[in-house]
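Thanks for coming. I will walk through one model today, starting with strands and then moving to helices and cores.

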Amino acid sequence: MPLYYLTTPIFYVNDVPHIGHAYTAVNADALARWHRLIGDEVFFLTGTDEHGLKVARSAQEHNCTPQEWTDTTSARFSETWKRLNISNDDFIRTTEKRHHLAVKTFLERIRDRGYIYVGEYEGLYCVGCEAYYGEGELEAGSLCPIHKRPAEVLREENYFFKLSAFQEALLDFYTANPQVIRPQSKLNEALGFIRGGLEDFSISRNKKSVSWGVEIPWDRAHVVYVWTDALVNYLTALGYGQEDGRWESWWPAVHHLLGKDILRFHGVYWPAMCMAAGIDPPGHLQVHGWLLVGGEKMAKSRLNQIFPGDLADEFGVDGLRYHLLRDNPLGPDGDFTYEAMTQRYNSDLANNFGNLLSRVATVIEKGCGGVGPAPNPSSNLKGEVESHLGVVIEAWGRNSPSEGLEATWKLIQLANASLEATEPWKMQSGPQLDLVMGDALEILRIVAILASPAMPGACQVLWDAIGLEGSPGSAQIPQDLKWGGYCGGIQVTRRSPLFPRKK
Ligand SMILES: [Zn+2]
């Protein structure tokens, strides 16, 4: 069974989960669910990033210890992901023992191999980013380009990672493996960083300035810089640094899903750190844009955050998931608007998906005694359905849920158009009606499987309503997509609309 290891970035606990975070989590979840359908053994990891100065300061403001603070704030993420039906196999917190152990082992290896040294660092540091900036990277007035706040001058003795030693190795790696970073434009961006020259960077902080972090194993006066520690989470979850760790069978065939603002960390620093520790760099980076609101990134300081729970209350968890996946392709920036979400909900979910099920169940109740008939083995819909399946499978294989869903909805349109042409609601009961309805049920069955990565809840309801046992998420692609899978002779239940129309 092929292994599929998928990660989201770990989310910074000082944020409150907004739909930008949900966008990443839902896309990752849909990909994980798709890979389970195609028979991969999936390990899907998400979690929270909990160290650093900003967390320590917030804890202080809230009159609690950093650990107490992160216990509360990390739970906001795990609870939101539960609400959104995110099927992660593990949830890592960087404050866990297993993580401290992995970070220490990883850094010891890098040091033993000669890529860590002591140096003095002075730089412009944005507390919001937990990062030093070069002069050229800041906006006028030394403002952080993301937080629009002035960067502070920070100077201290700390440990440096010899990134400069890896310029050639990184270029060679990406030249030999250009498919590692997708899309291509992001590969070019990473290559640009590397060709521009790589400077060694500091990987520790003196406890006098920051004490909330993983202790440097050979010098207890220092903690590991929060970004350095965070990246190692992808190995921690595989048991790196532990006796019985299984990491060697899952690494480096990892799939990192990440936003474009953290490409440098994932596409340059992280692979170099892996090389320095004597392990292969990560195998796949899928870079996506931001989900903007009114053209701007969501941020607490801008009061433009939209919370996933509010949208799930109004559109249902699956309505929200579908919108995030369908309207905001992985790659470019997306712009969230309430109007676009409502329109998509009404057209695709209320008028097409939900309406097809309602129509079919109504006719079967009246004309077939509530029992779903089997499809026509030589239906003329069969060929058309099969041609769309190829498009769906190909799109998901390119990490494009948006196009996969678009092609899936062609099947729904096909079934609706066929019903409009044959008008089964005017037909007499009998074999002719049975064939028409059997075909519609077969398309519903196939749609339930194909749409289940996006809408696991609604597809289960559909699956149950047409009398099938088990779950569409347990189906196997491609074998369960073969025309004729709907057995017939089973109870079809008419139910209240799955997606009531919105005004
Ligand atoms: Zn910043």
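**Strands, helices and cores**

A word on names: helices (H or I, at least four residues) and strands (E, at least two) are DSSP runs, numbered from the N terminus. Residues are numbered from 1 along each chain as its sequence is written. The model is predicted, with local features needing pLDDT of at least 70 and side-chain atom pairs counting only at pLDDT 80 or more, while totals for chains, interfaces and linings use all residues.

Back to the strands. S11 and S12 (residues 219-224) are antiparallel and share two bridges; strands pair if DSSP finds at least two bridges between them. They belong to an open sheet of three strands, in the order S10-S12-S11, with antiparallel pairing. Its edge strands, S10 (204-206) and S11 (215-216), each pair on one side only.

Next, S7. Strand S5 (residues 116-126) runs antiparallel to S7 (residues 152-161), and 10 bridges join them. Here Tyr 125 stands opposite Glu 152 of S7. S7 also pairs with S9 (residues 201-202), antiparallel, over two bridges, and Phe 160 has Ser 202 in S9 as its bridge partner.

Now two helices. How do H12 and H13 lie relative to each other? The axes of H12 (residues 317-327) and H13 (residues 338-367) come within 10 Å and cross at roughly 100 degrees. Axes here are lines fitted to C-alpha atoms over the stretch in contact, with angles from 0 to 180 degrees between N-to-C directions. Angles of 65 to 115 degrees count as roughly perpendicular, and H12 and H13 are therefore roughly perpendicular. Among the residues that meet are Tyr 322 and Arg 326 in H12, and Met 341 and Tyr 345 in H13; contact means C-beta atoms, placed from the backbone, within 7 Å.

Last, the cores. A nonpolar core is a set of buried Ala, Val, Leu, Ile, Met, Phe, Trp, Tyr and Cys residues joined through C-beta atoms within 7 Å, and buried means 20 or more other C-beta atoms within 10 Å of a residue's own. The largest has 141 residues, and Met 273, Val 360 and Leu 444 have the most contacts inside it. Helix H16 (residues 431-451) gives the largest share of this core, 13 residues. Leaving out residues up to four places away in sequence, Val 360 touches Met 437, Ala 440, Leu 441 and Leu 444. Another core, of five residues, lies apart and includes Tyr 125 and Cys 144.

Methods
Angles under 35 degrees count as roughly parallel, over 145 as roughly antiparallel, 65 to 115 as roughly perpendicular and the rest as oblique. Two residues are in contact if their C-beta atoms, placed from the backbone, lie within 7 Å. A residue is buried if 20 or more other C-beta atoms lie within 10 Å of its own, exposed if 12 or fewer, and partly exposed in between; C-beta atoms are placed from the backbone.
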